[in-house]
Amino acid sequence: MQTIEATSIWQRLATLPDNEHPTDEDWHELSEAINHTYDGFSTKLMRLSHPTLHEYHVCLLLKAGFEPVRIASLTLRSKAAISTVRSRLYEKTFGKKGSAKDWDEVIRTL
């Protein structure tokens, strides 16, 4: 089985200069690669939570193993904003306060 890091889309996002950002096609490719590598990830995520498009992109990048600082760069947000998105998703999903790392654990299990 191929790892996500071996996919061309992962390689592209990992090496994309900070002044460039993923296209809609890149996001589509990443979603397909994640769902191929981690069977049904998007479906499981949608059942658990109902993320906005930005939140979904953050979740895809988390599942792909990108660090928050890289996620911030790829999504045109600050590192603090990415942390807030992650903790807000946890709270929105489970109805209780949680840290950004708590949400990361949820993503790892999907």
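Start by selecting Ser-31, which is found in helix 2 (residues 24–37); helices here are DSSP runs of H or I with at least four residues, strands are E runs of at least two, and both are numbered from the N terminus. This is a predicted model, in which local features need pLDDT of at least 70 and side-chain atom pairs count only at pLDDT 80 or more, while totals for chains, interfaces and linings use all residues. Residues are numbered from 1 along each chain as its sequence is written, and side-chain values use heavy atoms, with hydrogens and water left out.

Ser-31 is buried, because its relative accessible area is 13%; buried means under 20%, exposed over 50% and partly exposed in between, with a 1.4 Å probe and protein chains only. Show its contacts (heavy atoms within 4.5 Å): leaving aside neighbours within four places in sequence, Ser-31 touches Ser-42, Tyr-56 and Leu-60.

Next select Met-46, in helix 3 (residues 41–48). Met-46 is partly exposed, with a relative accessible area of 34%. Beyond neighbours within four places in sequence, Met-46 is in contact with Pro-51 and Tyr-56. From the C-alpha atom of Met-46 to that of Arg-77, 31 residues apart along the chain, the separation is 23 Å.

Move to helix 4 and helix 6, whose axes lie 11 Å apart at an angle of about 100 degrees. Axes are lines fitted to C-alpha atoms, for helices over the stretch in contact, and angles run from 0 to 180 degrees between N-to-C directions. The two helices are therefore roughly perpendicular; that term covers 65 to 115 degrees, with under 35 roughly parallel, over 145 roughly antiparallel and the rest oblique. Select His-54, Glu-55, Val-58, Cys-59 and Leu-62 in helix 4, which meet Ile-82, Val-85, Arg-86, Leu-89 and Lys-92 in helix 6.

Now select Leu-76, in the loop between helix 5 (68–74) and helix 6 (79–94). Leu-76 counts as exposed because its relative accessibility is 58%. Its phi is near 60 degrees, a positive value in a residue other than glycine.

Finish at the lining of the largest pocket: Leu-62, Lys-63, Gly-65, Phe-66, Glu-67, Pro-68, Arg-86, Lys-101, Asp-104, Ile-107 and Arg-108. A pocket is an open set of points on a 1 Å grid over the protein atoms alone, where a 1.4 Å probe fits, with protein on both sides within 12 Å along at least five of seven lines; lining residues have an atom within 4 Å of a point. Helix 7 gives the largest share of the lining, four residues.
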